[in-house]
Amino acid sequence: MSDSTTFDLPIGGMTCASCAGRVERALSKVPGVQHVSVNLANERAHVEVLGNLDGQVLVDAVSRAGYSASLAPSPKVDQADAARRLRNERWAVALAVLLALPLVLPMLLQPLGIHWMLPAWAQFVLATPVQFILGARFYVAAYKAVRAGAGNMDLLVALGTSAGYGLSLYEWARADAGSMPHLYFEASAVVIALVLLGKYLESRAKRQTASAIRALEALRPERALQVLDGVERDVPISALRLHDLVLVKPGERFPVDGEVVEGQSHADEALISGESLPVPKQPGDHVTGGAINGEGRLLVRTLALGTETVLARIIRLVEDAQAAKAPIQKLVDRVSQVFVPAVLVLALLTLVGWWLAGAPMETALINAVAVLVIACPCALGLATPTAIMAGTGVAARHGILIKDAEALERAYAVNRVVFDKTGTLTSGSPRIVHSQALVDDQAQLLRLAGALQRGSEHPLAKAVLDACDEQQIAVPAIGDSQSLTGRGIAGTLDGRDLALGNRRLLEESGLQPGPLAASATAWEAEGRTLSWLIERGAQPRVLGLFAFGDSLKPGAGQAIRQLAEQGISSHLLTGDNRGSARVVAEALGIDDVHAEVLPADKAATVTALKKTGVVAMVGDGINDAPALAAADIGIAMGGGTDVAMQAAGITLMRGDPRLVPAALEISRKTYAKIRQNLFWAFIYNLIGIPLAAFGLLNPVLAGAAMALSSVSVVSNALWLKTWKPDTPPQDDAS
């Protein structure tokens, strides 16, 4: 089977859901195209094709449908073009309002008892440039739609305003000399001005929904300070290669993903991972391109460039999510296909109905114009994509990457969350959770153990040395250090022959747990790993006992409580022993525990849980990937493997368990906005069109209502930008 290729095409000329549907159908007919998704809100088409299809073929297909397309330019060019179009729209609106205001002024003065009217020639002079110069965009787009055998919002506006303008010319021409005929120039001009205003406000709002992508794009530095043979050179990013050294000064953004070679500092990763506190960096630590270096100069070895950087992958995920269509959008697509033809039929029926009822042709035509003007497929087309863009954008700013709209739509219904244990709810690195001394005090016990473990890379050794650091215990140097394979480590300190190891070491030394037996039994039941500190020699004896366990992640308990407050049950799924799993579950308040589950069986456990509800699986390892894929929605924890992230619908950019309830909350809020927008868009048309047909709305009010509908839908979606995850101060006992 041939490899697939993806194209992202900027589309010009779309004004409503009907336009997006027509572009989608035109692209779908191109041989080799497998999938098409056209997003009205960001004016782009995402096209997947088989083989090496020439992108120009797609551009030509869009052109034949009556729209413009181009092979995607750079994001900065795209943004500059959008900013230029917004400026042009603003000037067009200002001029249209300036010309239309004198026409509508007599209507505004009439309630005040002032009866004044511009002469017919003055109305004609003011209305004509609005109709045919500022309103030319509607005629052009309407012509292209008709030529392609379809209809759109522009066709409705062009027909409605042309009818009002033409009726005015007719009434003026047949009026007696010196008399003042009833003209409708103001209706046509004001409708065009209002529609232009609505489109401008809509464009501004749509631009705000895409602010997350622009903010991420802005993090990409264009140049870097390359260090070659000790010489610093300012070079473009494109000139760098893997393993090159770059110097990052205080306050600068990291130009690449890399590893710190020299220096110490902090990195502000807030816009990438949502982590509000600066992260310390020292030699050996990884840094992410786009993060801001703090107070120190760092020499960084380049590990990833271009599309392989973390920032590029984040941007790609957010763009894909914003370009995708939610399943609920299918209903809108079906409606949009018949919307414009149905409105044209209703307008014709309105015209004929009023005429047959005995109304003057003038009244019948004005009511038909109102039907044409108030019908707005724009609101329907914008309802879903604007909410998705705003929701996924604000989520990304807080370290939550939603892979696609389908994941978002599924996540809102989740009522069961299954957690992997190690690396997800726990830190994945052991620490001392219990200790008991028989001979010396606790501090001396830890001092002796630290001396034995000094220089060791074993995870348990690191736990002992970390505990010494926390308690500020000086660790002396050990003599005659030797590793006891499969048992532990031994050495001499102050003339004492010491050893630290497991029960096998204890038994080989001919020792019994003695007073520590009860503690050892209890700690083993908790699933802890035990290490015995003994003194060997002529009179061997047990000095003390350490129990090691995986520490809970800060915020894990709060995450479980927040899920419970949302009505979501939590489940623990782990390959660890039952004792260890039970301790974690009891500490966090998780009731349902599945322990000693083999990696191959994790997916089966998740599948079984799906029979009782909508399941989200949270994990971070390769062995979690099948379970993540089996769940209704997979959530991969930050710092996890690429395999887990690919299998997941949602990726959390940092390993904070509290992002799990936050991800489900923003999914629910986004889906709620989609439903609200669709409700108002449908209700608006269901109420507005009949009112216009029955003569209860004049064209001016209809035009204002139409403009307001699109703006209100986008504004409602923009409320999502105020969302923040609920992350109260951490109080978990670890």
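A residue counts as buried when its relative accessible area is under 20%, as exposed when that area is over 50%, and as partly exposed in between (1.4 Å probe, protein chains only). At 0% relative accessibility, Cys 19 is therefore buried. The structure is a predicted model, in which local features need pLDDT of at least 70 and side-chain atom pairs count only at pLDDT 80 or more, while totals for chains, interfaces and linings use all residues. Residues are numbered from 1 along each chain as its sequence is written, and side-chain values use heavy atoms, with hydrogens and water left out. Helices (H or I, at least four residues) and strands (E, at least two) are DSSP runs, numbered from the N terminus.

**Cysteines**

- Cys 468 is also buried, because its relative accessible area is 0%.
- The structure holds 0 disulfides, where a disulfide is a pair of cysteine sulfur atoms within 2.5 Å.

**The sheet of S1 to S4**

- Two strands pair if DSSP finds at least two bridges between them.
- An open sheet is formed by 4 strands in the order S2-S3-S1-S4, with antiparallel pairing.
- Strand S2 (33–39) and strand S4 (68–69) are at the edges; each has a single partner strand, so one side of each has no neighbour in the sheet.
- Strand S1 (residues 4–12) and S4 run antiparallel and are joined by 2 bridges.
- Ile 11 has Ala 69 in S4 as its bridge partner.
- Helix H2 (residues 55–64) packs on this sheet and touches S1, S2, strand S3 (44–50) and S4. Contact means heavy atoms within 4.5 Å.
- The direction of H2 makes about 35° with that of S1. Axes are lines fitted to C-alpha atoms, for helices over the stretch in contact, and angles run from 0 to 180 degrees between N-to-C directions.

**Gly 21**

- Gly 21 belongs to helix H1 (residues 17–28).
- With a relative accessible area of 12%, Gly 21 is buried.
- From Gly 21 to Ile 432 there are 411 residues in sequence and 61 Å in space, C-alpha to C-alpha.

**Positive phi angles**

- Most residues other than glycine have a negative phi.
- Asp 229 is not a glycine, yet its phi is positive, near 55°.
- The loop that holds Asp 229 runs between strand S5 (223–228) and strand S6 (231–236).
- S5 and S6 pair in the antiparallel sense over 6 bridges, and Arg 223 stands opposite Pro 236 in S6.
- The hairpin of S5 and S6 has 2 residues between the strands.
- Asp 229 is exposed, because its relative accessible area is 76%.
- Glu 596, likewise not a glycine, has a positive phi of about 55°.
- Glu 596 sits in the loop between strand S23 (592–594) and helix H21 (599–610).
- Glu 596 has a relative accessible area of 46%, so it counts as partly exposed.

**Asp 656**

- Asp 656 is in the loop between strand S26 (650–652) and helix H24 (659–693).
- Although it is in a loop, Asp 656 is buried, with a relative accessible area of 10%.
- The side chain of Asp 656 reaches the backbone nitrogen of Arg 658 at 3.0 Å. A polar contact is a pair of N or O atoms within 3.5 Å; within protein, one must be able to donate a hydrogen and the other to accept it, and residues adjacent in sequence count only if both atoms are side-chain atoms.
- Apart from neighbours within four places in sequence, Asp 656 is in contact with Pro 554 and Met 637.
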